Amino acid sequence: MCAKAKLDKEAKAAAKAAAKEAKAAKAKAKPKKRQSSPNEYNFFVLHGEKLIVAAGVVLFGAFVGMGGGLEKFTLTADQINSSSKKAEETIANSKVTPQEFDESVVVYPYDQYADLIKTAVKVNAYETPVRWEQSLFPDKNKRPDVTPLPLENLRAQACVGAIMYNEITANGNANAAGGGMMAGGAGGGMMAGGAGGMGMTGSGKTEGRHWITVTGSIPIRKQSSIYGDLFSGAQYVDDVRDMPRYVYYELERGEVGKGGAVNWQKVDVIKAMKKENNRWAGMGSDQVGYNYMPPTVPGFPPMAMNCPPMLSKPFGEEIANLPNIPLNSSEQIAMQEEEIKEWNQLQDEMNQFDETSLLERDPFADAGRMGGTGLGSGMMGGMDSSSSMGGGSGMTAGGGMNNGGNADWMINQDAVNRSRMRVQAAVAVDYYLFRYFDFDVEPGKTYQYRVKLILANPNYGVKEEFVEDPTTVTKRYIETEFSKASNPVALGADSRVFAQTVEAATRPGQEPRITLSSVYFDADSASESIVQNLSMKRGQVANFYKQTHTPVQVSGGMSSDMFGMQGAGGKGGNASKSVDHVSDITVVDALGGVKTNSEGLNSPGKIMILEPNGILQVRELKEDARELSRYDGSSNQFGMGVGGGSMM
């Protein structure tokens with residue numbers, strides 16, 4: 001009983017457990033109820049794609065239906081090809097660019113850019129000019145070509161004076177017993193010791209002449225600096241070739257015509273120099289310092305032409321080139337006159353010059369010595385210079401020229417050596433003087449000038465392996481461009497006016513007080529006279545009639561009576577007479593003369609004048625005062641006269 005009950009109890013428990021397990025399994029197998037979203041049953045969301053496709057189909061059908069009513073395309077294939085070819089030809093032949101429609105549109109040459117792909121990149125374009133590690137001994141370069149600098153500050157000034165000439169005999173030779181030029185010859189002379197000065201004879205005469213002095217500044221310092229930059233690092237260097245060597249020049253004279261047109265003509269410089277120089281009875285005193293004179297290359301004429309032998313007055317600022325090249329002071333002139341005594345050369349050196357063959361010479365044939373200052377006879381002087389700065393390293397009496405049998409005319413070697421040492425101490429200069437005296441001019445004409453400098457080619461005669469351009473080693477010379485044209489200048493009348501004083505007006509409407517000085521040149525007697533304190537008004541012509549002509553002895557000048565020379569008018573040609581000072585210059589206006597402070601100092605005076613050739617010119621009192629001092633005896637700032645200076 002007990003056992004049966006126990007079995008029943010266990011059976012019930014097992015059945016109960018089985019029912020519990022079956023219930024759990026059923027609950028586990030039943031799916032969970034999903035959560036619904038607000039758009040779960042939105043029609044357009046669920047079927048939007050279908051609606052879009054349907055709309056596209058309807059629209060396509062509508063377009064097809066509309067196209068059915070259009071005109072049919074009737075062009076044939078040949079017509080289409082023909083029209084296409086015409087369009088291509090029109091496009092190809094059209095020159096219309098986008099800029100014609102829109103200037104802001106930039107058209108790039110893409111075809112050219114594309115061609116650059118075919119060429120290699122140049123590496124040197126990206127190299128730095130300075131090495132990061134400098135070599136102790138830099139690489140040497142080949143000698144490049146040189147482009148020389150042109151002449152600067154070209155000026156022209158009309159001049160008058162009494163020139164001393166040798167008397168020409170019937171056979172055409174100058175009657176100058178023993179050479180006529182320098183005192184070292186049998187002709188005697190002015191200077192003590194016979195080592196310099198001028199050879200004078202009683203048969204000489206003076207002539208009143210008009211001429212134009214042309215001056216300019218040769219930029220020697222700048223040119224030397226360029227040579228130094230180009231050749232200092234070259235494989236081949238040469239002390240002579242690596243400094244500027246001026247050998248010659250080409251000068252053109254232009255006659256100014258109507259409307260300002262200029263008819264340029266080349267001047268035969270050698271022929272003109274011979275024409276005058278061979279007739280001069282010596283040479284004039286050059287009051288420009290030696291160190292400003294370009295060294296003369298042996299066998300060539302000087303770049304600064306010698307001054308003619310002028311009586312009655314010394315030369316003034318017209319033979320220099322202010323502000324670059326000044327005149328010497330009185331002390332410098334006196335020293336220079338002493339040095340002239342140490343020279344002796346011959347007048348006929350000019351006869352060996354021939355312009356047709358001049359530039360066929362070797363500019364370095366006599367590189368050991370250079371002619372120099374032009375202080376020798378007529379054409380060639382004697383400054384020896386291997387240094388372009390400061391006028392050179394010395395002087396040679398022979399000036400690098402030979403006479404007849406190729407003999408150097410060096411009379412006193414000791415004097416030459418002493419002169420060389422003095423010049424070596426000269427201060428370096430920025431400019432050399434260019435100068436030319438033009439006697440082949442006519443009154444009533446207006447002239448202008450321009451100059452081309454000719455230098456020895458520094459690469460001439462150098463081996464081809466040392467130069468960048470091997471073709472240049474056979475080229476003897478290099479040329480500059482022509483300089484800027486000079487100022488217009490005319491000989492004008494025999495009377496020249498100078499501003500003397502200007503006093504400002506003291507009340508409105510009043511004329512300024514102007515006084516002028518007039519210097520009259522009498523060509524017949526080769527003498528000059530001065531009239532001062534001539535009162536003028538604006539608009540008045542500076543012509544003064546029936547003035548007494550009493551020849552003046554200009555300050556520092558010498559008289560022909562000192563040498564027994566005849567004036568152009570013969571003996572007695574310097575007697576007083578009545579002359580007309582006719583300049584035809586009109587005084588246009590005046591400025592200055594106003595007191596600037598309580599000490600009575602006045603502002604600088606100036607006058608404006610109209611020359612007969614129509615050129616307006618402004619003259620300053622302080623500048624004209626220097627010229628007037630040569631006539632009124634107020635100053636001897638221009639030195640000792642001509643030739644060898646004063647009598648010793």
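**Pocket, loop and helix in a predicted model**

Colleague: Which residues lie nearest the centre of the largest pocket?

Modeller: This is a predicted model, with local features needing pLDDT of at least 70, side-chain atom pairs counting only at pLDDT 80 or more, and totals for chains, interfaces and linings using all residues. Residues are numbered from 1 along each chain as its sequence is written, and side-chain values use heavy atoms, without hydrogens and water. A pocket is an open set of points on a 1 Å grid over the protein atoms alone, where a 1.4 Å probe fits, with protein on both sides within 12 Å along at least five of seven lines; lining residues have an atom within 4 Å of a point. Of the 50 lining residues, those nearest the centre are Gln157, Ala158, Glu611, Gln617 and Arg619.

Colleague: Which element gives the most to that lining?

Modeller: Strands are DSSP runs of E, at least two residues; helices are runs of H or I, at least four; both are numbered from the N terminus. Elements giving two or more residues include strand E2 (205-218) and helix H10 (621-632). With six residues, the top contributor is E1.

Colleague: Is Asn166 buried or exposed?

Modeller: Asn166 sits in the loop between E1 and E2. Buried means under 20% relative accessible area, exposed over 50%, partly exposed in between (1.4 Å probe, protein chains only). At 7%, Asn166 is therefore buried.

Colleague: How far apart are the end C-alpha atoms of helix H5?

Modeller: H5 covers residues 220-231, twelve in number.

Terms used
Expected span 1.5 Å × (residues − 1).
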